[in-house]
Amino acid sequence: MPPPSTPARTSGTGSGSGSWDVIVVGAGPAGATAARVAAENGCETLLLERAAVPRYKTCGGGLIGASLAALPPGLPLRVRDTAGHFTFALNGRAERTLASRSPTIAMVYRSELDAALTEAAATAGAQVRDSTALTVLEEQGDTVTVKTNRGETLRARAVVGADGSASRVARYVGVQCAQVDLALEAEVPVDERTADRWQGRLLMEWGPLPGSFGWVFPKGDVCTAGVVAARGNPDALRAYKEDFLARHGLLGPRPLHDTGHLTRCRRPDSPLARGRVLVAGDAAALVDHWSREGISYALRSGELAGRAAARLVAAAETEAATAADHYGQQVEATLGAEMRASRSLMDLFAHNPGLVHTALTRLPAAWRRLDAYIAGRTSVAGIMATPFARSATALATRLPLRSARTLTR
């Protein structure tokens with residue numbers, strides 16, 4: 001079982017009221033990063049977190065190259081394992097293991113990652129208040145008012161909402177989603193023999209439901225395993241999870257955690273700001289459509305939001321809209337382009353997972369592209385711009401939707 005992380009510096013009760021340059025809601029990767037960057041830019045910054053830090057978070061905890069590159073230099077973080085081999089399977093069949101040219105995916109616990117990032121924000125000068133939830137968000141003129149469950153009334157020149165996929169701030173901004181999925185996950189203790197079998201190797205299995213997959217991420221004496229598919233058929237997804245865990249010997253041990261959560265992918269025209277209020281990370285529904293990877297999006301959007309919040313602090317009331325629009329343009333130009341490409345890959349995968357599986361496991365060029373993406377040497381947009389990807393996408397979208405179960409009969 002993972003040891004507890006060192007809590008970040010916190011202020012438990014707060015002052016009851018107060019004015020800040022920037023208030024950030026949510027101390028995950030997006031929020032902690034936004035708070036750190038705003039503080040580094042000279043803003044008096046308050047970071048609110050509804051849970052006590054450190055807190056458990058349902059997440060695979062795999063850091064790809066883009067995530068590692070976005071971490072603050074020197075961040076003290078314990079990496080539990082690093083994946084150098086990737087096993088791909090098609091609903092339990094056609095399994096094949098491939099070696100990475102440069103092992104990159106670092107396996108971490110989200111509780112430890114988030115606590116380390118929150119501590120970095122505190123070190124930069126942000127004040128952290130955990131066990132403090134936002135209850136009311138109001139905006140008038142050049143001031144945003146935040147009320148909390150502690151009875152506090154706080155005011156700021158800019159607010160960043162990074163309070164997860166069920167974000168209250170996202171509702172205020174009006175975030176809209178093009179794709180909503182349900183993920184079911186368990187953290188399972190494993191014996192030494194099982195730990196050795198998984199060490200340095202992760203599993204991705206394309207599942208029986210359209211667009212679904214299962215994963216196993218090793219973390220020493222614990223494996224994080226789960227399944228994900230479109231929201232709307234929870235019974236079928238639970239059945240797939242039970243079958244998946246049983247096939248990989250992870251159903252018997254009592255899990256340390258056994259949870260579920262929704263992942264949301266934004267519509268391309270979904271707003272990223274309203275007045276002096278910005279959203280980042282899961283609150284902005286910035287998640288890869290295909291892999292449902294969100295940490296790299298959270299870290300990168302958090303940095304952009306922290307810089308944008310600092311600009312909003314200095315902006316006159318008439319200039320606030322321009323500063324907020326600039327943030328939206330930056331996100332669209334970078335993360336938005338990635339999401340559009342991942343949506344195309346998701347369409348291809350949902351129509352024919354067998355084609356994707358065969359390409360990855362039988363065509364060395366396809367695996368090299370994915371491996372380069374994992375390592376941070378290319379992007380999903382770069383993968384989908386290849387002639388093979390364009391041709392496969394055009395072909396697959398003209399074919400009937402097929403599931404992995406059909407393809408393996």
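Phe349 is buried, at 1% relative accessibility, where buried means under 20% relative accessible area with a 1.4 Å probe and protein chains only. The model is predicted, and local features need pLDDT of at least 70, while side-chain atom pairs count only at pLDDT 80 or more. Residues are numbered from 1 along each chain, and side-chain values use heavy atoms.

Trp206 is likewise buried, with a relative accessible area of 1%. Trp206 and Phe349 form an edge-to-face aromatic pair, 5.2 Å centre to centre with 70° between the planes; rings of Phe, Tyr and Trp (its six-membered ring) pair if their centres lie within 6.5 Å, and planes over 60 degrees apart count as edge-to-face. Because Trp206 lies in strand β13 (residues 201–206) and Phe349 in helix α8 (residues 320–351), the pair ties together parts 143 residues apart in sequence. Helices (H or I, at least four residues) and strands (E, at least two) are DSSP runs, numbered from the N terminus.

## Nonpolar cores

A nonpolar core is a set of buried Ala, Val, Leu, Ile, Met, Phe, Trp, Tyr and Cys residues joined through side-chain atoms within 4.5 Å. The largest has 61 residues, and Ile23, Leu137, Val159 and Tyr327 have the most contacts inside it. Helix α7 (residues 295–314) supplies the largest share of this core, 9 residues. Apart from it lies another core of 33 residues, including Phe349 and Trp367.

## The aromatic cluster

The structure holds 9 aromatic pairs. Ring pairs link Trp206 and Phe349 into a cluster with Phe86, Phe88, Phe213, Trp215, Trp290 and Trp367.

Key. Buried < 20%, exposed > 50% of the residue type's maximum accessible area, 1.4 Å probe, protein only. Phe/Tyr/Trp six-rings, centres within 6.5 Å; stacked < 30°, edge-to-face > 60°.
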